[in-house]
Amino acid sequence: MKYLVLLTDGMSDLKIEKLGGKTIMQYANTPNMDYIAKNGVGGFIKTTPDGYYPGSDICNLTMMGFDPTKYYSGRSPLEAGSSGIDLGPNDMSFRCNLVTLDGDIMEDNSAHHVTNETGAKSVDALNEIFAGEGVEFHKGLGFRNLMVMRDVDFDLTTTAPHDIMGQSIKEHLPTGKGAERLIDIMQRSNKIFADGGYERANGVWFWGEGTRPSMPLFKDLYGLTSSVVAAVDLIRGIGKFAGMEIIDVPGATGFIDTNFEGNAEYALKAFETSDYVFLHVEAADEAGHMGVIEEKIKAVENIDSRMCPILLEGMKKFGDFRILVSPDHPTPVELRTHVAEPVPAIIYGTGVNPDENTKYDEFMTPSFFIEEGYKIADFFLKSTVING
Ligand SMILES: [Zn+2]
């Protein structure tokens, strides 16, 4: 049996007045996802455990069948894993954003989207300052870089810079064990920007700290070979720690302009070596964060018209197959951020007896509700019959 998860990041939403009280999924024209709903079953998954925030890190761990309450150890280690940075048992990684500060005010969490060249130049300059101190900076893309501290025993709380835009950083500096050292590194780092030459970057901000996750391999948990198709470092990092093959797709951007067809084609190709493929598409989430209703509708319709036909036809060729379509969390376009509501999911294929649903949206009649979200993997992979 071949198992495909089509993970539509941030796709589910809330009712929108401008759309006549419909959600994006209800409003968008999605004949292919509706076909899957009509010929399969619909239900809901609680992807964010109580007490956790609905981040893509937490929610994608869940959707891949890993209990985040057991295996989540911070966001940046997942990104580090994707970049091939090794973390030892006593190392801690941080997201290092290049930011724009106006005095003490966090003016922009991305330093107004500096170029990759400026990001790389900053990392080189920072590494010169901290050489020999067990503090390493690693290049990412643009403003998104990483910092790793070797051999520390910290217990910290940090704040995401996009959560404090327009606020004084003084009230949001790191706290807890190790905070003093981290603040010292931040202050010394900021000196490199004194003479300019880094576009609008004039500071660094550390957040998303974490240690190396100790996750079991997907194969050990579920007995299947597996691949992940994703443009986003975070998802690729989870896949890497889970021992999945990481698939690169030309033209995949992790944005609303991604190569939808290519993503679908490479996912099908991955089944040559894998029984389980986790295909992650970011477009709807990005459109949700942009807060543009039309863009989110377009993203959902692009997933439906440019990916689903290829996937449906391709999967049917395998004979025995199952498809699961689900977001990781809602990213309501009018809120422009994630919420922790359960997500609507549809399952179609071998051993799945259709229920009464004919459309895929947030108001389906549920044939299942997965309270501990990570158990979706058992449900999807191990139930001989679904809705029997
Ligand atoms: Zn997400």
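Predicted model: local features only at pLDDT ≥ 70, side-chain atom pairs only at ≥ 80, totals over all residues.
The domain assignment divides the chain into domain 1, made of residues 2-71 + 214-382, and domain 2, made of residues 80-210. Taken over C-alpha atoms, the centres of domain 1 and domain 2 are separated by 31 Å.

An open sheet is formed by 8 strands in the order E11-E10-E12-E1-E13-E14-E2-E15, with mixed pairing. Strand E11 (245-247) and strand E15 (368-370) are the edge strands, each pairing on one side only. From one strand to the next, the twist averages 20 degrees.

Helix H12 (residues 293-316) lies across strand E1 (2-8), strand E12 (276-281) and strand E13 (321-326). Relative to E1, H12 runs at about 175 degrees.

The axis of helix H10 (residues 260-270) comes within 8 Å of the axis of H12, and the two cross at roughly 20 degrees. This angle is under 35 degrees, so H10 is roughly parallel to H12. The crossing of H10 past H12 is right-handed. On the H10 side, the contact is made by Phe-260, Glu-261, Asn-263, Ala-264, Glu-265, Ala-267 and Leu-268. H12 contributes Asn-302, Ile-303, Arg-306, Met-307, Ile-310, Leu-311 and Gly-314 to the contact with H10. By residue class, the contact of H10 with H12 comprises 8 nonpolar, 3 polar and 3 charged residues.

Helix H11 (residues 283-290) packs against H12 at an angle of about 175 degrees, the axes being 8 Å apart. As the angle is over 145 degrees, H11 is therefore roughly antiparallel to H12. Ala-283, Ala-284, Ala-287, Gly-288 and Met-290 of H11 take part in this contact, together with Glu-295, Lys-296, Ala-299, Val-300, Asn-302 and Ile-303 of H12. The contact of H11 with H12 contains 7 nonpolar, 2 polar and 2 charged residues. Asn-302 and Ile-303 of H12 take part in the contact with H10 and also in the contact with H11.

Helix H2 (residues 31-38) also has an axis that comes within 8 Å of that of H12, with a crossing angle of roughly 45 degrees. At this angle, H2 is oblique to H12. The H2 residues in the contact are Pro-31, Asn-32 and Met-33, and those of H12 are Asp-304, Cys-308, Pro-309 and Leu-312. The residues of the contact of H2 with H12 fall into 5 nonpolar, 1 polar and 1 charged.

Methods. Residues numbered from 1 in each chain as written. Axes fitted to C-alpha atoms, helices over the stretch in contact; angles between N-to-C directions. Helix = DSSP H or I, 4+ residues; strand = E, 2+ residues; numbered from the N terminus. Parallel < 35°, antiparallel > 145°, perpendicular 65-115°, else oblique. Left-handed = near helix turned anticlockwise from the far one by under 90°. Contact = placed C-beta atoms within 7 Å. Nonpolar A, V, L, I, M, F, W, Y, C, P; charged D, E, K, R; others polar. Domains from an automatic or database assignment. Pairing = 2+ DSSP bridges.
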